Amino acid sequence: IDLTVNPAGGLAPYSVTLNNNTGDLVAPNNVNPVINVGAGGTATFSVQPTATVTYHFTVTDANGCSRMY
């Protein structure tokens with residue numbers, strides 16, 4: 001399954017990290033976090049989900065402000 005984030009608000013560019021209850025995950029091409037996501041851009045992660053795993057995205061803007069989803 002692909003998980004896609006489209007950050008908005010704050011100051012672009014953004015970095016996006018995917019985390020689950022076992023730690024940070026690796027985005028396509030072994031890049032984690034996905035950096036330099038511009039305004040209106042997306043960061044996509046491909047994962048094999050299981051019923052016991054919860055995923056969270058952390059988005060950090062150019063000011064260093066972060067929010068987890």
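From the N terminus on, the elements of the protein follow the order β-β-β-β-β-β-β. In this predicted model, the secondary structure amounts to 7 strands and 0 helices. The protein has 69 residues, and 32% of them are buried. Among contacts with a separation of 6 or more, 57% are made by residues 24 or more positions apart. The exposed surface comes to about 4300 Å², of which carbon and sulfur atoms supply 52%.

Strand β1 (residues 2-5) and strand β5 run antiparallel and are joined by 4 bridges. Within this pairing, Val 5 stands opposite Ala 43 of β5. In a regular strand, side chains alternate between the two faces of the sheet. Strand β5 (residues 43-46) has one covered face, made up of Ala 43 and Phe 45. Thr 44 and Ser 46 form the uncovered face of β5.

The loop between β1 and β2 (14-20) contains Pro 13. Pro 13 is joined to Ala 12 by a cis peptide bond, with omega about 0 degrees. Most peptide bonds are trans.

Val 59 is a residue of strand β6 (residues 55-60). Its relative accessibility is 12%, and because buried means under 20%, Val 59 counts as buried. Neighbours within four places in sequence were left aside in listing the contacts of Val 59. The remaining partners include Val 5, Pro 7, Tyr 14, Ser 15 and Val 16. Further along the chain, Val 59 is in contact with Cys 65, Ser 66, Arg 67 and Tyr 69. Gly 10 lies 49 residues from Val 59 along the chain, and the C-alpha atoms of the two are separated by 10.0 Å.

Rolling a probe the size of a water molecule over the atoms shows where empty space is left. The largest pocket has a volume of about 200 Å³. Its lining consists of 13 residues, which divide into 7 nonpolar, 4 polar and 2 charged. Nearest the centre of the largest pocket lie Ala 8, Gly 9, Val 59, Arg 67 and Tyr 69.

Note on methods: Residues are numbered from 1 along each chain as its sequence is written. This is a predicted model: local features need pLDDT of at least 70, side-chain atom pairs count only at pLDDT 80 or more; totals for chains, interfaces and linings use all residues. Side-chain values use heavy atoms; hydrogens and water are left out. Helices (H or I, at least four residues) and strands (E, at least two) are DSSP runs, numbered from the N terminus. Buried means under 20% relative accessible area, exposed over 50%, partly exposed in between (1.4 Å probe, protein chains only). Contact means heavy atoms within 4.5 Å. On a 1 Å grid over the protein atoms alone, a cavity is a set of points where a 1.4 Å probe fits but cannot get out, and a pocket is an open set with protein on both sides within 12 Å along at least five of seven lines; lining residues have an atom within 4 Å of a point. Grid points are joined across faces, edges and corners, and a volume is the space filled by probe spheres set on the points. Ala, Val, Leu, Ile, Met, Phe, Trp, Tyr, Cys and Pro count as nonpolar, Asp, Glu, Lys and Arg as charged, and the others, Gly among them, as polar. Accessible areas come from the Shrake-Rupley method with a 1.4 Å probe; for residues, only the protein chains shown count as cover. Two strands pair if DSSP finds at least two bridges between them.
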